[in-house]
Amino acid sequence: MALITKKPRGTEDVLPRDSYRWQFLENIFREEAAAYGYREIRTPVFEHTELFERGVGDTTDVVQKEMYTFTTKGGDSITLRPEGTAGAARALLEHGLFNDPLPIKNYYLTSCYRYEKPQAGRMREFHQFGMECYGTKNPAADAEMIAAAKAIFDRLQIHDLHLEINSIGCPTCRAEYHKALKEYFTAYRDELCDDCKDRLERNPMRLLDCKVEHDHQLAEGAPTIQEYLCDECREHFESVKAYLNAVGVEYTVNPKIVRGLDYYTKTVFEFISGDIGAQSTVCGGGRYDGLIEDLGGNPMPALGFAAGIERLLLTLDAQGIEIPAPDSCDLYIASMGDRAHLKAASLATALRTAGIKAEFDVVGRGLRAQMKYADKLSAKYSIVLGDNEIDEGVAKLKNMQSGEQKEISLDPEQFISEFTQAKLAYDFSE
Ligand code: ATP
Ligand code: MG
């Protein structure tokens, strides 16, 4: 196929017949975010490359291998955002949002770009919904954040999503842990993949996140961070668990969760779906108390999560959860003759202003073809306008499902009120 009629690898089109599914999810995200006191932040699709190198971390797979980076005509290095947190944090610093009352609660709904090997649940352009909370170290905030994510998945009626949590400590306790990991993995150095050999030097915790099967197996036997947590991190984690228990959120502690991005500290968590194969993490998040400082701001604790919309949709499909398709047409106004055509246009305009989904013929079809089209639209009701109807000012409102008919005034105001009643009752025979 010619290139111009083929989308780039790893991208998807959302077609008109499917877009309601996205809108349904997006509406739920927005409603739940509002219920938890979050407001939307929108940031550019591209940022200075340096932001992600610093913010996401230059030892991560994302920065090392997956970024869409290019040089502009002006010579700047620009990168398409691979995730939402760095841009949101940059905006917080740039606009002084840190002066707002704490905690600051922002959410985003964005496309992200990573040059990965495309497969089910792994795209080069994908979409994330994320929540970010700044200005609190309190473990109550960690539990609230996790509960907010869960509230969204519950509203989507997703079942058997498994929550796994861990604490990966702070830079202080992690130093000791890194040493222990280095010691453990050095014994297997020759068996490690090339990436992990490099990770061993630069950031040994990344080894636990390796997707290569043998490395993954070796990681099973590695020391866990739990034994190395400092008192503060240990107490924090205990308290997060107590809050989760208090709000009735079930979880498993998985000491192997480290998350793929460098900015995490203390709490990390993942929601994992048992139904969508290998790319099973639908949502990942945690605390990143060092990020704002890393980006040059005054220290400000923060936490957040990002959920992958494509993986959520795959999970809904796999679990047979149907999203209700919206009605596309409330009323089809068929017409015969010039006067009726004009009336159809004016009536449809008035009805649309009143929020009624009305359609009329803009193709120039005959009456039969118009009615056939009304069927294809699954119009709930129809009327047929001809000279008679125009002269008398009334038409027959037909329920397309039952076939029943009832007179309705063609005066727009009256039409709207009578139609609304009929529609509310839906089937006027009852
Ligand atoms: P993975 O381990 O699957 O690569 P990750 O650790 O890179 O995930 P994050 O950067 O934490 O993922 O992103 C949060 C969420 O975004 C993931 O849990 C997933 O649902 C989604 N996501 C990440 N990368 C992709 C991708 N390439 N395609 C589709 N969704 C993705
Ligand atoms: Mg990844």
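Modeller: In α5, the buried residues are Pro-139, Ala-141, Asp-142, Ala-143, Met-145, Ile-146, Ala-147, Ala-148, Ala-149, Ala-151, Ile-152 and Phe-153. Mind you, this is a predicted model, where local features need pLDDT of at least 70, side-chain atom pairs count only at pLDDT 80 or more, and totals for chains, interfaces and linings use all residues. Residues are numbered from 1 along each chain as its sequence is written, chains are lettered from A and ligands numbered from 1 in the order written, and side-chain values use heavy atoms, leaving out hydrogens and water.

Biologist: Why is α5 called largely enclosed by the rest of the structure?

Modeller: Buried means under 20% relative accessible area (1.4 Å probe, protein chains only). With 12 of its 17 residues buried, α5 is therefore largely enclosed.

Biologist: What makes the reach of α5 close to the expected one?

Modeller: The expected span is 1.5 Å times one less than the number of residues. Helix α5 (a DSSP run of H or I, at least four residues) covers residues 139-155 and reaches 24 Å from first C-alpha to last, close to the 24 Å expected.

Biologist: How do you know that Thr-281 makes a polar contact with an oxygen atom of ligand 1?

Modeller: A polar contact is a pair of N or O atoms within 3.5 Å. A backbone N or O atom of Thr-281 sits 3.0 Å from a ligand 1 oxygen, so the pair qualifies. Ligand 1 exposes 580 Å² taken alone, and the protein buries 93% of that (Shrake-Rupley areas, 1.4 Å probe).

Definitions and conventions
A polar contact is a pair of N or O atoms within 3.5 Å; within protein, one must be able to donate a hydrogen and the other to accept it, and residues adjacent in sequence count only if both atoms are side-chain atoms. Helices (H or I, at least four residues) and strands (E, at least two) are DSSP runs, numbered from the N terminus. Buried means under 20% relative accessible area, exposed over 50%, partly exposed in between (1.4 Å probe, protein chains only).
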